[in-house]
Amino acid sequence: MNRLIAGRELTALRTVLDCSTTATTLRQGPTALPGTDPAWFAFLCPAHSEDLPAWPAAVSHADDGLSLPCGTVLDYRPTEQLLQSHADLWLTSLTGVEPPALNGAWFGVLDQAYQVLHARAETSVGGEGEMLQSVVTAMSMARRNAAEGNLFQAAYNLAMCETLVQRL
Ligand SMILES: [Zn+2]
């Protein structure tokens, strides 16, 4: 098995760019502790190899043989960090809702985000309105999973939202 995925538990498979080109460059995220594995790997095409300033401390490498579309991120971070990363990258800028100060308050955030997006989808027309409806649908699942205490599943739903938001 490829060294990137062997023996590690992937917590999220994300698409953070709307690009269908096969990636040729691999960037790796920071390590939590020296000598440990990176928190994430991002796959990028030549045109986008410098296009993810919000993904910090990345180091470029040649692609390691995985054939994945540009914008794919293999994310190994624990659920709370995944949720925080969604807030930092797109959720807060899109909805104005700030992430919780304390762990475990994610239902309130996702509920507010859902209300904001729902209201915006109701007043949007055409392609943007349809795309927002799709985001609202995925966000409603994230909200419900958070209400049931399943933050891992909520993070999965947020990754769907993240992919859709690229096309807004
Ligand atoms: Zn690309």
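Val-136 counts as buried because 22 C-beta neighbours lie inside 10 Å, a residue being called buried if 20 or more other C-beta atoms lie within 10 Å of its own, exposed if 12 or fewer, and partly exposed in between, with C-beta atoms placed from the backbone. The place of Val-136 is in helix α3, which covers residues 126-147, where helices (H or I, at least four residues) and strands (E, at least two) are DSSP runs numbered from the N terminus. Not counting residues up to four places away in sequence, Val-136 touches Tyr-114, Leu-117, His-118 and Ala-121, two residues being in contact if their C-beta atoms, placed from the backbone, lie within 7 Å. The C-alpha atoms of Val-136 and Cys-161 are separated by 8.1 Å, although these residues stand 25 residues apart along the chain.

The structure described here is a predicted model, in which local features need pLDDT of at least 70 and side-chain atom pairs count only at pLDDT 80 or more, whereas totals for chains, interfaces and linings use all residues. Residues are numbered from 1 along each chain as its sequence is written. The mean pLDDT of the chain is 87, and 88% of its residues reach 70 or more, pLDDT being the predictor's confidence in each residue, from 0 to 100. Among the elements of the chain, the highest mean pLDDT, 96, belongs to helix α4 (residues 151-165), and the lowest, 63, to strand β4 (residues 59-62). Where pLDDT is low, the predicted coordinates should not be read in detail.

The secondary structure of the chain consists of four helices and five strands, and these follow one another along the sequence in the pattern β-β-β-β-β-α-α-α-α. Of the 168 residues in the chain, 33% are buried. Among contacts with a separation of 6 or more, 64% are accounted for by residues 24 or more positions apart.

Strand β1 runs antiparallel to strand β5 (residues 72-75), to which four bridges join it, two strands being paired if DSSP finds at least two bridges between them. Within β5, Val-73 is the bridge partner of Arg-14. Strand β5 also holds Asp-75, which counts as buried because 20 C-beta neighbours lie inside 10 Å. Leaving aside residues up to four places away in sequence, Asp-75 touches Thr-11, Ala-12, Arg-14, Trp-40 and Leu-82. Asp-75 and Ala-39 are 36 residues apart in sequence, yet their C-alpha atoms are 6.4 Å apart in space.

Turning to the helices, α1 (residues 79-95) and α2 (residues 106-123) pack at an angle of about 30°, and their axes are 11 Å apart; axes are lines fitted to C-alpha atoms, for helices over the stretch in contact, and angles run from 0 to 180 degrees between N-to-C directions. Helices α1 and α2 are therefore roughly parallel to each other, since angles under 35 degrees count as roughly parallel, over 145 as roughly antiparallel, 65 to 115 as roughly perpendicular and the rest as oblique. The contact is made by Leu-83, Leu-91 and Thr-95 of α1 together with Trp-106, Ala-113, Val-116 and Leu-117 of α2. The crossing of α1 and α2 is left-handed, a term used if the near helix is turned anticlockwise from the far one by less than a right angle, with right-handed used if clockwise.

Helices α2 and α3 pack at an angle of about 160°, with their axes 9 Å apart, which makes α2 roughly antiparallel to α3. Among the residues that make this contact are Tyr-114, Leu-117 and His-118 of α2, and Val-135, Val-136 and Met-139 of α3. This crossing, too, is left-handed. Tyr-114, found in helix α2, is buried, because 22 other C-beta atoms lie within 10 Å. Beyond residues up to four places away in sequence, Tyr-114 touches Val-136, Met-139, Ser-140 and Arg-143.

The axes of α3 and α4 come within 7 Å and cross at roughly 170°, which makes α3 roughly antiparallel to α4. Residues in this contact include Val-135, Ala-138 and Ala-142 of α3, and Leu-158, Cys-161 and Leu-164 of α4.
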